[in-house]
Amino acid sequence: MTDETHCDHKRPARRWLRDAVEFAAAWRTRRHDHAPPTSDTGPRPPSAPGQAGQKPALSAPAAESSTLWRMRTTVKDEPGSLAALCAALAAHRVDILSLQTHPLGEDTVDEFLLRAPGTLTAAEVTRTVAQAGGTDTWIERADAHDLVDAPTRILGLATRTALDPAELPLALRQLLGRCTIRSLPATSGPGGREPEHIPVEGVLEDTVMRLRAPEGGVITVERPYLPFTPTEFARARALVELDARLGPRVPPQLDVLTLPQGDDITVRRAGAGDVKAAKAMHARCSTRTLGLRYHGPVGDADRYLGHLLSPRHGRTLAVQTPSGRVVALGHLLWDGDETEVALLVEDEWQRRGIGGELLGRLVAMAREAGCESVYAVTQASNTGMVAAMRGLGLPLDYQVEEGTLVITARLERAGAGAASDRYERQAAHD
């Protein structure tokens with residue numbers, strides 16, 4: 001290895017050192033006029049207004065509102081570029097709370113968390129960054145959740161993924177921001193499209209990344225408004241690899257309830273191991289009940305039950321009797337950037353409050369996952385599902401699409417993200 005090659009290998013680290021020194025010098029220069037004299041820092045006696053050397057007393061300034069911003073911009077990977085950008089932001093009293101860099105050959109993508117005066121608009125921040133040499137700038141409002149530093153947040157997401165495989169799509173979405181995540185199984189039904197071959201290391205193409213799913217198939221993540229960086233791709237791939245190493249698992253959570261009629265039931269998480277019991281329940285359901293659930297003839301149960309019970313596509317709750325027989329299923333399905341709820345209750349167990357119990361639990365899961373709304377696709381004649389949705393006590397929207405009724409429940413924003421908050425708060429204090 002030549003000396004020149006060795007220097008290029010060390011360039012990102014040296015750039016950080018140079019920029020840090022330059023930025024520190026700029027910060028000291030900007031703050032110098034406001035710092036107390038180093039030789040006279042003790043208390044001073046009060047003096048009359050107008051006395052020599054004493055400035056007139058000023059009233060304390062009112063507290064100024066501030067705004068949190070997430071910003072990403074591209075700068076040249078050369079000495080002084082980051083320092084110039086930081087100095088330009090400082091001139092507008094913008095505080096840099098955190099900074100991550102993503103080297104890209106001759107350029108570097110810098111990602112900031114900023115606290116800016118409330119009067120400073122996104123357009124003004126973007127213009128300031130452009131004047132300092134930043135290009136392809138993207139900015140959006142942030143909130144208190146973004147104050148958690150990146151390593152802590154990623155460890156929290158890894159913890160969620162380790163505890164529950166259904167968390168993987170949600171963890172990827174929280175890691176990468178607003179994006180659409182789709183999962184294509186390794187095998188499809190007759191006439192279905194087979195997934196493309198994806199190498200073990202995955203594929204990154206600008207605003208699309210494709211990862212090999214732990215159970216086979218492909219996980220596709222799209223974010224058209226902002227290209228993915230190699231660092232984001234590596235983090236997403238690490239979460240998927242963690243899920244693959246841990247293998248199939250279902251959280252051991254169950255609740256025993258007594259129905260108003262006196263029957264005891266158990267509500268628990270269901271997974272791929274419940275396909276046989278689910279098929280048996282389907283065989284006991286009437287054609288009308290299955291038609292209301294699936295909106296048409298029911299066929300190829302092995303394929304669609306495997307999809308519904310896969311934690312990769314959402315979460316499923318099962319209701320079973322003391323003998324272990326499954327009599328109801330409730331599904332919370334990740335549908336791109338939307339969330340669907342669906343219920344199936346065996347005929348003999350209908351009109352006992354099971355559907356409402358399942359729906360309430362599914363909506364609580366959606367709220368904890370940070371979903372803003374859930375929707376159910378049914379028919380106007382399915383009075384049980386309509387009544388269960390109305391029983392949620394949430395704002396509802398009704399739409400008729402191609403002969404079916406779509407009911408959308410908007411979740412309270414106060415409860416959104418409660419699960420992520422809990423994991424992040426725990427990680428921050430551990």
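These are my notebook entries on one protein chain, taken from a predicted model.

**Entry 1: the whole chain**

I began with the overall counts. The protein chain holds 13 helices and 16 strands. Of its 430 residues, 43% are buried. I then looked at contacts between residues at least 6 apart in sequence. Among these, 64% join residues at least 24 apart.

**Entry 2: α3 against α4**

Next I looked up a helix pair. Two packed helices are described by the angle between their axes and the distance between the axes. I noted both for helix α3, residues 81–91, and helix α4, residues 122–131. They pack at an angle of about 145°, and their axes are 9 Å apart. The crossing of α3 and α4 is right-handed.

Which residues make the contact? On α3 I found Leu 85, Ala 88 and Leu 89. On α4 I found Val 125, Thr 128 and Val 129. I sorted the contact of α3 with α4 by class: five residues are nonpolar, one is polar and none is charged.

**Entry 3: the buried face of α4**

I stayed with α4 and checked burial. Val 125, Thr 128 and Val 129 are buried in this helix. Why do the buried residues of α4 line one face? Seen down the helix axis, they fall within an arc of 100°, so they share one face of α4. I kept the general rule beside this: an α-helix has 3.6 residues a turn, so residues three or four places apart point the same way.

I also asked what covers the buried residues of α4. The cover includes α3 and the strands β1 (66–76), β3 (107–117) and β4 (135–141). Just after α4 I came to Gly 133, which takes a positive phi of about 105°.

**Entry 4: a four-stranded sheet**

I traced an open sheet of four strands. Its order is β5-β8-β7-β6, and the pairing is antiparallel. Which strands stand at the edges? They are β5 (180–184) and β6 (203–205). Each has a single partner strand, so one side of each is left without a neighbour in the sheet. Neighbouring strands here are turned by 15° against each other on average, with direction ignored.

I followed one pair in detail. Strand β7, residues 208–212, and strand β8, residues 218–222, pair in the antiparallel sense over five bridges. Met 209 stands opposite Val 221 in β8. Helix α7, residues 230–246, packs on the sheet and touches β6 and β7. The direction of α7 makes about 25° with that of β7.

**Entry 5: Pro 185**

Pro 185 lies in the loop between β5 and β6.

I finished with a hairpin. Strand β9 covers residues 254–258. How many of its five residues are buried? The number is zero, so β9 lies largely in the open. Five bridges join β9 to strand β10, residues 264–270, and the two run antiparallel. Leu 254 stands opposite Arg 268 in β10. The hairpin has five residues between β9 and β10. In the turn I noted Gly 262, with a positive phi of about 100°.

Notes. Residues numbered from 1 in each chain as written. Predicted model: local features only at pLDDT ≥ 70, side-chain atom pairs only at ≥ 80, totals over all residues. Heavy atoms only, no water. Axes fitted to C-alpha atoms, helices over the stretch in contact; angles between N-to-C directions. Left-handed = near helix turned anticlockwise from the far one by under 90°. Contact = heavy atoms within 4.5 Å. Nonpolar A, V, L, I, M, F, W, Y, C, P; charged D, E, K, R; others polar. Buried < 20%, exposed > 50% of the residue type's maximum accessible area, 1.4 Å probe, protein only. Arc of directions from axis to C-beta. Pairing = 2+ DSSP bridges.
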